Protein chains: 2
Amino acid sequence: MKPTISIIEVARLAGVSKSTVSRVISDRGGSVSPKALDAVNSAIQELGYTRNTIAAGFRMQRTGMVLLLVPDIANPFWSEITRAAQDRLEEEDYSVVVGNTDWSEQRETRYYKLARSGRFDGLILNSVTDDIAAILAIGLPAVMIGERAESQALDTTGTDTRMATRMALDYLWETGHRRIAIATTEHGSERFLSLRRKVYEDFLLEKGLALDADLAFSVKLSEEGGRELVRELVELPRWRDRVDAVLCGNDIMAISAINAFREAGVEPGKDISLVGMDDIPAAAHTFPALTTVRKPRSLMGAMAADLLLSRFEDPAKPPERRLFPGELVLRGSVAKRGRA
Amino acid sequence: MKPTISIIEVARLAGVSKSTVSRVISDRGGSVSPKALDAVNSAIQELGYTRNTIAAGFRMQRTGMVLLLVPDIANPFWSEITRAAQDRLEEEDYSVVVGNTDWSEQRETRYYKLARSGRFDGLILNSVTDDIAAILAIGLPAVMIGERAESQALDTTGTDTRMATRMALDYLWETGHRRIAIATTEHGSERFLSLRRKVYEDFLLEKGLALDADLAFSVKLSEEGGRELVRELVELPRWRDRVDAVLCGNDIMAISAINAFREAGVEPGKDISLVGMDDIPAAAHTFPALTTVRKPRSLMGAMAADLLLSRFEDPAKPPERRLFPGELVLRGSVAKRGRA
DNA sequence: CTTGTTATTGGGAACGTTCCCAATACGAGT
DNA sequence: ACTCGTATTGGGAACGTTCCCAATAACAAG
């Protein structure tokens with residue numbers, strides 16, 4: 001059942017007022033004589049008193065709860081970020097509620113309503129929407145994970161998508177690939193900024209390669225998206241002459257594509273090279289193991305938490321942006337080709 | 001910032017009392033005339049009022065929050081269970097806070113303290129401890145995921161570990177394996193019940209096989225555990241004559257062992273057969289893909305939520321136990337051997 | 001001893017909503 | 001019109017803790 005001992009009873013047993021008990025148990029504290037302190041602590045122990053944090057939170061208008069909105073907690077990428085954010089926030093005595101948007105603005109809006117109910121002190125999110133004003137209108141300190149707009153009124157953390165994409169393309173170039181396809185998505189930073197797409201096009205331009213619109217795929221960042229990519233690609237006329245590598249929007253898609261290529265009689269890591277994005281644990285276990293760009297999830301999660309904690313301290317300071325570099329992780333999914 | 005419009009202001013604008021406003025907005029409701037209902041809803045809309053659920057929860061001694069304790073949310077097994085439990089609980093307007101025990105009783109005890117703070121209506125957990133009395137002493141409705149004691153005072157769900165283990169052993173037997181090692185752990189159901197170990201020993205006895213104590217490994221259910229298993233196994237004298245298959249305590253360990261065996265010059269799925277437990281997504285992507293016993297995580301998560309919701313309805317009903325069968329998932333990690 | 005400063009204490013009010021119950025209104029039947 | 005039963009309403013109190021501020025106590029300096 002709920003706590004049934006209140007500070008009134010503790011005060012009675014300790015022979016002090018409820019205000020003195022409150023000063024002993026609350027974070028803010030206040031002056032209490034050693035004698036009173038002893039008496040209160042003894043009474044607390046004897047009665048098995050536990051502070052009712054709902055009552056305290058109600059009075060203080062501060063609940064110690066943070067809402068973290070991710071696309072899907074069952075996705076290893078997001079569960080690792082979540083874990084890191086949780087650990088950091090728990091150090092400061094915050095508890096974390098996780099919401100799953102499934103990339104649906106409708107679901108997201110429902111969580112915004114929950115966020116407005118007085119239940120949370122702050123919000124961390126990888127938003128579906130890029131309507132920053134709507135997020136600000138919730139009225140909570142908020143931190144964005146991932147890039148949504150060039151200029152943001154929100155504290156933001158994530159991986160530098162441009163750099164990560166460029167890193168992968170350069171590696172493919174260095175290993176001799178000249179016919180590179182890209183498989184991205186219509187979610188997240190691609191939805192509004194088309195960051196990966198822009199880097200890809202700039203890369204081709206810089207290398208003097210013609211843009212082949214057929215080689216820019218838009219599929220879901222899922223296993224199904226990987227299968228769809230392979231289906232569409234092998235159906236392209238003369239596809240083997242037109243593609244020697246694919247840069248995938250994330251590992252889940254890339255891993256699925258590895259298997260789908262093999263099933264289509266195409267040997268991944270030889271006939272076709274693949275690079276993923278994220279470096280989820282499974283990327284190391286495919287055959288061939290996936291070359292990918294690691295996004296430092298623990299750093300991102302912890303940074304999101306730090307930005308939010310910092311925002312609690314100073315609500316009025318200018319928005320911060322903390323992007324991490326990706327890190328190329330070389331495994332077996334990229335062939336070494338001679339320079340053409 | 002926090003909600004600043006209260007029902008007092010809504011009542012004033014609508015020309016009714018706060019009690020009438022409360023009757024309109026609360027779950028419990030009560031009689032309200034159509035005219036008053038209209039007036040209140042109009043005022044709510046005009047003022048942009050949002051119900052303060054902390055205040056309501058404080059008054060009602062019911063917060064709509066559930067604490068879910070798992071070993072590690074970043075583990076795909078637990079993140080999927082979490083997702084399923086969340087979805088079910090959200091249908092009934094509960095929010096879920098996830099705690100990570102990391103198999104530490106100390107961490108777990110800290111969460112028990114949090115659970116007692118008045119913040120949660122219920123608890124779902126895969127406990128580190130088997131001290132059911134300690135869990136009951138928290139004073140919250142609680143549901144256990146996984147088996148902890150033969151006779152439990154707690155609602156319990158999970159996979160039938162005996163059956164799942166037996167299923168895997170029978171499959172190894174049918175495929176001609178006669179020298180089967182087992183790699184389990186000292187956590188979870190193995191810690192207190194040694195379920196897998198007992199099934200293994202009974203199996204050997206039934207088949208008239210001698211128990212070779214060297215073939216029962218105790219390692220962590222982690223990637224490191226998988227590597228450790230392989231290190232220890234290949235160091236056994238004449239190990240190739242003594243082992244033709246390994247039943248692993250979970251997929252994470254088994255996947256890691258696949259790679260470690262290959263690195264040790266042993267071909268998984270040929271020289272050595274492996275069976276995992278769980279069927280996490282990565283199990284389908286190894287080479288060879290892992291044969292394993294699927295634990296129906298979505299069913300378990302949803303059942304845990306259902307059991308808790310049911311307990312909320314009737315706190316005094318007898319504890320329930322709902323174990324799911326495992327399901328054998330055949331892939332490429334088990335060789336077909338001739339009958340010896 | 002007097003004065004000034006700081007430490008300590010305790011009672012009342014606040015936080016926003018729900019619940020309780022007495023009072024009133026309304027509708028149906030006689 | 002009167003009676004009875006049901007619907008509706010509203011004011012006060014409760015929930016457990018924190019904060020505010022006046023009052024008191026303690027201590028130091030002159």
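Which domains does the domain assignment of chain A give? Three are listed for this predicted model: domain 1 (7–60), domain 2 (65–159 + 297–325) and domain 3 (161–294), with bounds taken from an automatic or database domain assignment. Between domain 1 of chain A and domain 3 of chain A, the C-alpha centres are 61 Å apart.

Residues are numbered from 1 along each chain as its sequence is written, while chains are lettered from A and ligands numbered from 1 in the order in which they are written. As the model is predicted, local features need pLDDT of at least 70 and side-chain atom pairs count only at pLDDT 80 or more, whereas totals for chains, interfaces and linings use all residues.

DNA strand D is surrounded by 27 residues, a residue being near a strand if its C-beta atom, placed from the backbone, lies within 6 Å of it. The closest are S22(A), S26(A), A55(A), S17(B) and S31(B). At least two residues each are supplied by α1 (7–14), α2 (18–25) and α4 (53–60) of chain A and by α2 (18–25) and α4 (53–60) of chain B; helices (H or I, at least four residues) and strands (E, at least two) are DSSP runs, numbered from the N terminus. The most, five residues, come from α4(A).

Chain A also touches chain B, with 40 residues of chain A in contact with 40 residues of chain B (C-beta atoms, placed from the backbone, within 7 Å). On the side of chain A that touches chain B, two or more residues come from each of α4, α5 (76–91), β2 (95–100), α6 (105–119) and α13 (251–263) of chain A. Here α5(A) gives the most, with six residues.

Note on methods: Contact = placed C-beta atoms within 7 Å.
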